[in-house]
Amino acid sequence: MAVITNIEDLRILAERRVPRMFYDYADSGSWTESTYRANSSDFEKIKLRQRVAVNMDNRTLASTMVGIPVAMPVALAPTGLTGMQHADGEILAAKAAERFGVPFTLSTMSICSIEDIAANTSKPFWFQVYFMRDRDFMTRLVERARAANCSALVLTLDLQILGQRHKDIRNGLTAPPKLTLKNMLNLATKPTWCLNMLQTKRRSFGNIVGHAKNVSDMSSLSSWTAEQFDPRLSWDDVEWLRRAWGGKLIIKGILDPEDARIAAQSGADAIIVSNHGGRQLDGALSSIAALPAIMDAVGDRMEVHLDSGIRSGQDVLKALALGAKGTYIGRAFLYGLGAMGEAGVTACLNIIRKEMDTTMALCGLTDVKQVDSNILVPGTY
Ligand code: GLV
């Protein structure tokens, strides 16, 4: 592919370059994928107001998320197995984000470890945690995030049990891939991926293997999740983590106004309105459709962020217009990473920046902090 002009170009390239099981892992939603599809189609239904003959000189996308300056209010979301989309994927994505001036969030389920990211970047990054049964491991994870100088902890609440993604079962998802005949035939068509992967030692879950008890490999993500993630998670545990961490806390996976109210009382700095990219509760509302009621419930009390479905700068502006202070991209940057490594993540961020900047101007605004529902056509949201 000669010219990359949008996120879909990166997706097509990633699909060609990344082994099938990892491409599918990133690109799937749970069960019928109805929520996964709604995440995008609900963005499309919202229409922008075109304004003309307004001074559009001197535009800025700079803002803050939980008080931290960002070049644009778009962070890289925590995504599992990122180092399988491309060798050392988390390090490459973190470097691209740092250079661009947006937060990078490392997933607990990453291939590169917290320490790997700290050693390869110079600015603080964010770290995402799941509630595990093994509290000693969790305590150590929080201490490792602190030692790595992470500037925010993102606590995911919507994955104590794993939504089924059919393709992962069919593909026999493991990291690294098991060398079955089917996998070897597929890997033979991805020579660059294989060569890069042979040059790194990071091929398993860097935050976990060697750190959590009795875990030397995670043959299947679903059985590992069932064994390790704590299904009894309650808001008291959230309070325990908030105290143990003591720094900025962002709660991810809120889709209901009632949960948003509880999260606001929990003392968290922000919530992320999210359905986990349509990967968990199939049949749930899209994040963008859930946002207005959550803004009504807690918008005056805490920062509200949004992920799930963002594939363009226009999508980002629509989320901001409905009240989000920040947004996250997951698949969009993974496509860039799978397509072209660090340069692909930078390409993704540049595409979104240009789309945001031009679209904001065409809506008659020059400062992203001025974006509100006035840029939307009434009756379309
Ligand atoms: C993990 O976060 C997943 O969605 O697989």
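**Exercise 1.** Leaving out residues up to four places away in sequence, find what Asp116 touches, then describe where it sits.

*Solution.* Step 1: Asp116 touches Ile91 and Arg202 once residues up to four places away in sequence are set aside; contact here means heavy atoms within 4.5 Å. Before you go on, note that this is a predicted model, in which local features need pLDDT of at least 70 and side-chain atom pairs need 80 or more, while totals for chains, interfaces and linings use all residues. Residues are numbered from 1 along each chain as its sequence is written, and side-chain values use heavy atoms, without hydrogens or water.

Step 1: Asp116 belongs to helix 6 (residues 114-120). Helices are DSSP runs of H or I with at least four residues, strands are E runs of at least two, and both are numbered from the N terminus.

Step 2: Asp116 has 16% relative accessibility, so it counts as buried (under 20% relative accessible area; exposed is over 50%, partly exposed in between, with a 1.4 Å probe and protein chains only).

Step 3: The Asp116 side chain reaches the backbone nitrogen of Ser113 at 2.9 Å. This is a polar contact: a pair of N or O atoms within 3.5 Å where, within protein, one must be able to donate a hydrogen and the other to accept it, and residues adjacent in sequence count only if both atoms are side-chain atoms.

Step 4: From C-alpha to C-alpha, Asp116 lies 9.4 Å from Ala148, although 32 residues separate them in sequence.

**Exercise 2.** Locate His276 and name the side chain that makes a polar contact with it.

*Solution.* Step 1: An unreviewed UniProt entry lists His276 under "active site"; UniProt positions follow the numbering used here, feature names are shortened, and annotations may be inferred rather than shown by experiment.

Step 1: The loop between strand 8 (270-273) and helix 14 (287-298) holds His276.

Step 2: With 11% relative accessibility, His276 counts as buried.

Step 3: Not counting residues up to four places away, His276 touches Tyr130, Thr156, Asp158, Leu159, Arg165, Lys252 and Ser308.

Step 4: The side chains of His276 and Asp158 are joined by a polar contact of 2.8 Å.

**Exercise 3.** Find which backbone features stand out at Pro176 and Asn149.

*Solution.* Step 1: The peptide bond joining Ala175 and Pro176 is cis, with omega about -5°. Pro176 lies in the loop between helix 8 (166-171) and helix 9 (181-187).

Step 1: Asn149, a residue other than glycine, has a positive phi near 70°. Its place is the loop between helix 7 (135-147) and strand 6 (152-156).
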